[in-house]
Amino acid sequence: MTRVNVIWDDRRYERYHPLMDGLEEQGITDFELHPCTVLPDVVASINASHKAIVRMAKEQGLKEICIAEDDLMWTAKDSWQYFLSNKPA
């Protein structure tokens, strides 16, 4: 199964429990929280946070990765499985 790499902003603790509840509801046990990069510009911060995970994946020789942010929302109880079954090649 694909590990979910979540960009986590620990300054937004109110997002923690909804995030954990959603991961549990989807049956996702293989996930890792990555600290967000904080820069003066929000867009640059998001970009740098994503790039750090992509860099890590390249260094580890991973063929694919899943990156999410801590405000991730699910549309149905089987959203993750639906995504995995229908992701493009």
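## Histidine 50 and its neighbours

In this predicted model, histidine 50 touches Ile7, Ile67 and Glu69, leaving aside residues up to four places away in sequence. Histidine 50 is part of helix H2. With a relative accessibility of 25%, histidine 50 counts as partly exposed, because the buried class is kept for values under 20%.

## Helix H2: span and ends

Helix H2 runs over residues 42-59 and has 18 residues. From its first C-alpha to its last, H2 reaches 26 Å, close to the 26 Å expected at 1.5 Å a residue.

Both ends of H2 are worth a visit. Just after H2 comes glycine 61, which takes a positive phi of about 70°.

Which residues of H2 are buried? They are Ser45, Ser49, Ile53, Met56 and Ala57. These residues lie on the same side of H2 because they cover an arc of only 115° around the axis. Their cover includes strands E1, E2 (31-35) and E3.

The other side of H2 carries the exposed residues Val43, Lys58 and Glu59.

Now for helix H3, which spans residues 79-86. Ser79, Trp80 and Leu84 are its buried residues. Why do they lie on the same side of H3? They cover an arc of only 135° around the axis, and that puts them on the same side.

The buried residues of H3 pack against strand E1 (4-8) and strand E3 (66-69). E1 and E3 are also among the elements that cover the buried residues of H2. On the face of H3 turned away from its buried side, you will find Tyr82 and Ser85, which are exposed.

## Aromatic pairs

How many aromatic pairs does a search of the whole structure find? The search finds four. One of them joins tryptophan 8 and tyrosine 16, whose rings sit 5.5 Å apart, centre to centre, with 70° between the planes. That makes the pair edge-to-face, because planes over 60 degrees apart are classed that way. Tryptophan 8 is buried at 13% relative accessibility, whereas tyrosine 16, at 26%, counts as partly exposed. Trp8 and Tyr16 also belong to one aromatic cluster together with Tyr13.

Another aromatic pair is made by tryptophan 80 and phenylalanine 83: their centres are 5.5 Å apart, with 25° between the planes. This pair is stacked, because its planes are under 30 degrees apart. Both residues lie in helix H3, three residues apart, which is about one turn of the helix. Tryptophan 80 is buried, with a relative accessible area of 4%, while phenylalanine 83 counts as partly exposed at 39%.

Methods: Residues are numbered from 1 along each chain as its sequence is written. This is a predicted model: local features need pLDDT of at least 70, side-chain atom pairs count only at pLDDT 80 or more; totals for chains, interfaces and linings use all residues. Side-chain values use heavy atoms; hydrogens and water are left out. Buried means under 20% relative accessible area, exposed over 50%, partly exposed in between (1.4 Å probe, protein chains only). Helices (H or I, at least four residues) and strands (E, at least two) are DSSP runs, numbered from the N terminus. The arc is that of the directions from the helix axis to the C-beta atoms. Contact means heavy atoms within 4.5 Å. The expected span of a helix is 1.5 Å times one less than its number of residues. Rings of Phe, Tyr and Trp (its six-membered ring) pair if their centres lie within 6.5 Å; planes under 30 degrees apart count as stacked, over 60 as edge-to-face and the rest as tilted.
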